[in-house]
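Me: Hi! Could you walk me through this structure, bit by bit?
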Amino acid sequence: MAAGEVSSLELMASVIARTRAVDGRVQAFNSFDAEGALAQARASDARRARAKAAGSPVGPLEGIPVGIKDVISVAGQPLTASSRMLKDFVSPYDATVTRKLKEAGAICWGRLNLDEFAMGSSTENSAFRVTSNPWDLERVPGGSSGGSAAAVAAGEAIAALGSDTGGSIRQPAALCNLVGLKPSYGRVSRYGLIAFASSLDQIGPFARSVEDAALVLRAIAGHDPKDSTSLKMEVPDYLGGIEALRRSGRPWKLGIPKEYFGEGLDPEIGAAVQGAIDAYRGMGCEIREVSLPHTRYAIGAYYIIATAECSSNLARFDGVRYGHRSKDAKDALDLYFKSRAEGFGPEVKRRIILGTYVLSSGYYDAYYLRAQKVRTLIRRDFLEAYKQVDAIVTPTSPTPAFKKGEKAADPLAMYLSDIYTIGVNLAGLPGVSIPCGFTKGGLPIGLQVIGQPFKETELLAIAGAYEAGADWLGRHPTL
Amino acid sequence: MPKSEDFKLDHVANLARIDLTAEEKGRFAAQLGDVLAFIAQLNEVNVDGVEPTAHAFPVVNVWADDVPEPGLSVEDALRNAPEKRDNMFVVPKVVE
């Protein structure tokens, strides 16, 4: 586009044509506004022409269609959280990440499917559609940001935003052969993101390279007075920083946590991750075994903390000011019971009920407070490991993409698929999944690199060092 | 940690303000029983003297300057209302 060989309008039109051609099978989108996107593309081309005439720079994402998970507000567009509760909701304002994407020149493209209210690991909990994995349409794309992952993998968006509370960006990225980044807690504003578990949620990018993920992160990161948990820290020039680290030839010290390579890890994934570790060793990195002894308690702690927070956050859906309202309510109290019964799907109900229980009188100390203490121990494990190593390298998911329906009836089995990603959220760390191979059956495998707090530059440099010597991102699904 | 039989689904669903069908009650009780049994492994952890973590990076006393800014217009605030009249949300009668 900078060379004038292709316009934003042409790019957008080709993305729309691709979406129309394949999304009947992929089902990544809840909705999209093709006319609105083309209008944005025309406006981008006009900005580029004006900038060229004036000799001034264009935005870092000028004219690039970025897909948006349907849980992030874009003014005037639907915001459903893939829930009947918000089936007809229209965002009255832009999320901060949306505003920043627009300021960077990007086109906010479409509303991407997810597990209802971002609760799930397969995108099967959507009230509207089951998204397919572009690598095997019989299988799930992962979740909860499964629509975002499937759209980028299928060529229906150049990049996309997702949200990650327990692995909801990294796990679908792994299952769809993409780069998926969860930034440090506090790095990106959540203003305008529908809250699930506020002490864990972060917004981050899906992209087809570490470089693209760094560009999107740079655009969306930073302090926001409207999200008081966003930290007042300078946003570094990630691309420049990554390049400087690459040139310095600094040999990284990488930790391999033995707890992440035990029972339940698919042998083909174990072998691919070992291959990536060998590649790091081959480029001069020092590989050390580290221990994260409380790993096995992460899922238990997570499903107390996340459900407790969701039961509180989702109390706002009462059928009064917005969202689904039951037509059969006898009185005001009944309006709450019936609107919530009709509006929420089963997984959301289960989590609200579990969260209500662990916070209820007589159980708070035994469950919620205890889980917060275990969280401290999990966080300490990571910080202890970082005294020895720059980053930690693990599989992203214990299995490749599973078949639709395989885990749908067993919530606990579904929860266990997040085993390698959840600790990162509890500890507030940045983590990225990058492609590191394929199974014999042709399913993508992800490598997770976990960084130190707010050291996304180092994290992305380490991920990029592996990516530079691998060719997995050159493969595309046949659709 | 409490026993999983302490979990009374009807009571908790009432606190959560969610009506459940008989079918949901049966299914959720079994599924949540499994989850609670799994969570019970947290009992194995010695947490004596450990401080709880509410946020990974606690930020306290975040102040904003007290500057008036335009908020949502009445029209925007009511745009998603299930029922509205005369610039207000309509709700079922609360007092007789």
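Me: Great. What kind of model is it, and how are things numbered?
Reply: It is a predicted model, where local features need pLDDT of at least 70, side-chain atom pairs count only at pLDDT 80 or more, and totals for chains, interfaces and linings use all residues. Residues are numbered from 1 along each chain as its sequence is written, while chains are lettered from A and ligands numbered from 1 in the order in which they are written.

Me: Thanks! In what order do the strands of the sheet in chain A come?
Reply: The order is S1-S3-S2-S4-S6-S5-S10-S11-S9-S7-S8 in chain A, an open sheet of 11 strands with mixed pairing. Strands (E, at least two residues) and helices (H or I, at least four) are DSSP runs, numbered from the N terminus. Two strands pair if DSSP finds at least two bridges between them.

Me: Which strands stand at the edges?
Reply: Strand S1 (29-31) and S8 of chain A do; each has a single partner strand, so one side of each has no neighbour in the sheet. On average, neighbouring strands of this sheet are turned by 35° against each other, direction ignored.

Me: What joins S1(A) to its partner S3(A)?
Reply: Two bridges join S1(A) to strand S3 (residues 107-112) of chain A, and the two run antiparallel. A:Phe29 has A:Leu112 in S3(A) as its bridge partner.

Me: And how does S8(A) pair with S7(A), parallel or antiparallel?
Reply: Strand S7 (residues 253-257) and strand S8 (residues 286-290) of chain A pair in the parallel sense, over five bridges. A:Pro257, for instance, has A:Val290 in S8(A) as its bridge partner. S7(A) also pairs in the parallel sense with strand S9 (residues 391-395) of chain A, over two bridges.

Me: Which helix goes with S7(A) and S8(A) in a β-α-β unit?
Reply: Helix H8 (residues 267-282) of chain A, and the unit is right-handed. That word applies if, with the strands pointing away from the viewer, the path from the first strand over the helix to the second runs clockwise.

Me: Switching topic: how do H6(A) and H15(A) cross?
Reply: The axes of helix H6 (residues 210-220) and helix H15 (residues 456-468) of chain A come within 9 Å and cross at roughly 160°. Therefore H6(A) is roughly antiparallel to H15(A). Angles over 145 degrees count as roughly antiparallel, under 35 as roughly parallel, 65 to 115 as roughly perpendicular and the rest as oblique. Axes are lines fitted to C-alpha atoms, for helices over the stretch in contact, and angles run from 0 to 180 degrees between N-to-C directions.

Me: How do H11(A) and H2(B) cross?
Reply: The axes of H11(A) and helix H2 (residues 22-39) of chain B come within 11 Å and cross at roughly 55°. That makes H11(A) oblique to H2(B). A:Arg350, A:Ile353 and A:Leu354 of H11(A) make the contact with B:Phe28, B:Gln31, B:Leu32 and B:Val35 of H2(B).

How values were computed:
Two residues are in contact if their C-beta atoms, placed from the backbone, lie within 7 Å.
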